[in-house]
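The sequence and the model come first.

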Amino acid sequence: MNIFLGILDILGITLAFQLSYSINYSKTGGIFASEPSFLFLYLGVLPFWLLILYLIQITEIPRTKSYTVLLFEYFQSALGIAVVLLVIYFVFKMMWISRLFLIEFAFFGLIFLYLIRLFEYKAFKNFRASGFNYINVVLIVDDSSSTFIDSLIHNREWGYRIVAIFTRSSRIKAKFANRIIIVSEENLATISALMEVEIIDEVLYFKTSVIAAEVRKVIRSCEELGVVFRLKYESSKAHLTNAIETSIGNQKFLNFINVPSNSYSIAIKRFMDIIVSLIMIINLSPVLLMFTFLIKTTSKGPVLYKQERVGLRGRRFNLFKFRTMVINAEQLQRGLESINEADGPVFKIKDDPRLTKLGKFLRRSGLDEL
């Protein structure tokens, strides 16, 4: 999705460049890419504009920003690129380019990027309002939180789903008990157990007075499971090295999170994961095809084995690896429970009779997960 959104941003910038070119160089006609000088200018400016969009943090679809704030942020990006263009113009003495072209490019870029983002924003709002792309939250609140809870419930397009509320407030209990699980704040210690059995993305601490010891315990529980902790705050002077300033609607929060939050670094890692994996798949394709042939010819069943795993905050995903066992391994497990060498839900024995001859080699070498 982020790649798709990035392509739309590039498309908006490209259309703005082409429109400005067509207006100012109508006699030349055609597309700007046919003129090498304009093509080089475009290729030089495009990454700058994308970088500016990232630096002012508008490359992702927001949940609760107003349209006015979005417009101002895109105006900042257009102003920034206009300055870059004018600097390039005077430093490199590019007098062959119309200054009006540069100004129009920045202006049309602002218009197209903003319209594209409005369309995306609206689409995501409808998507979230339909019950998708939501964030599961647990609230720790007092009497002052009633309006904020109402806003989370009624603004379905924000995509926040309240799993439970911890509170001492009789007012909150009376108002929301019929539709949300309410837990007495005296039992706040059970929040760790709740996060272990439910998919919880964020814990929001929304109280007038902050109990420091209580906050520290909850943050510790959140850090263990990679759950975001948000603390309501009023002062604009609050600056903490381990917290990020964010907002939900009109309310400011300090985010405490122990998983990577730098979207630029994450994007680079994701890019490297995909590119390196693709290169390895291509280079190792003869080996992978050989294993595919050997598995298929030495035992009945599919080549790949699909297994469900648990990821960040309890979300489940499917992992695929080469099959190393006979096709009816799960049925045979029932007769082998008495010799299980592992505790808990894990089943493991040293010489598992369900392994195929090739499977034993693949397991020992780790090549089954290649």
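## Helix packing and two residues

Helix 2 and helix 4 cross in a right-handed sense. The model described here is predicted. Two packed helices are described by the angle between their axes and the distance between the axes. For helix 2 (residues 36-55) and helix 4 (residues 99-129), the axes come within 13 Å and the crossing angle is roughly 45°. Helix 2 is therefore oblique to helix 4, given that angles under 35 degrees count as roughly parallel and those from 65 to 115 as roughly perpendicular.

Which residues of helix 2 meet helix 4? On the helix 2 side they are Phe38, Leu41, Val45, Trp49 and Leu53. Their partners in helix 4 are Phe101, Leu102, Phe105, Ala106, Gly109, Leu110 and Leu113. Sorted by class, this contact holds eleven nonpolar residues, one polar residue and no charged residues.

Helix 4 also packs against helix 1 (residues 2-24), at an angle of about 145° and with the axes 8 Å apart. The crossing of helix 1 and helix 4 is right-handed. The contact of helix 1 with helix 4 comprises 16 nonpolar, four polar and four charged residues. The two pairings are set out below.

| Helix pair | Axis distance | Angle |
|---|---|---|
| Helix 2 and helix 4 | within 13 Å | roughly 45° |
| Helix 1 and helix 4 | 8 Å | about 145° |

Thr298 belongs to helix 10, which spans residues 285-298. Is Thr298 buried or exposed? Its relative accessible area is 54%, so Thr298 is exposed, the cut-off for that class being over 50%. A polar atom of the Thr298 side chain lies 2.6 Å from the backbone oxygen of Leu294. Thr298 and Lys357 are 59 residues apart along the chain, and their C-alpha atoms are separated by 8.5 Å.

Ser299 is in the loop between helix 10 and strand 8 (304-310). Ser299 counts as buried because its relative accessibility is 16%, and the limit for buried is under 20%. With neighbours within four places in sequence left aside, Ser299 is in contact with Arg323 and Thr356. The side chains of Ser299 and Arg323 are joined by a polar contact of 2.9 Å.

In short, Thr298 is exposed, whereas Ser299 is buried.

Notes. Residues are numbered from 1 along each chain as its sequence is written. This is a predicted model: local features need pLDDT of at least 70, side-chain atom pairs count only at pLDDT 80 or more; totals for chains, interfaces and linings use all residues. Side-chain values use heavy atoms; hydrogens and water are left out. Axes are lines fitted to C-alpha atoms, for helices over the stretch in contact, and angles run from 0 to 180 degrees between N-to-C directions. Helices (H or I, at least four residues) and strands (E, at least two) are DSSP runs, numbered from the N terminus. Angles under 35 degrees count as roughly parallel, over 145 as roughly antiparallel, 65 to 115 as roughly perpendicular and the rest as oblique. A crossing is left-handed if the near helix is turned anticlockwise from the far one by less than a right angle, and right-handed if clockwise. Contact means heavy atoms within 4.5 Å. Ala, Val, Leu, Ile, Met, Phe, Trp, Tyr, Cys and Pro count as nonpolar, Asp, Glu, Lys and Arg as charged, and the others, Gly among them, as polar. Buried means under 20% relative accessible area, exposed over 50%, partly exposed in between (1.4 Å probe, protein chains only). A polar contact is a pair of N or O atoms within 3.5 Å; within protein, one must be able to donate a hydrogen and the other to accept it, and residues adjacent in sequence count only if both atoms are side-chain atoms.
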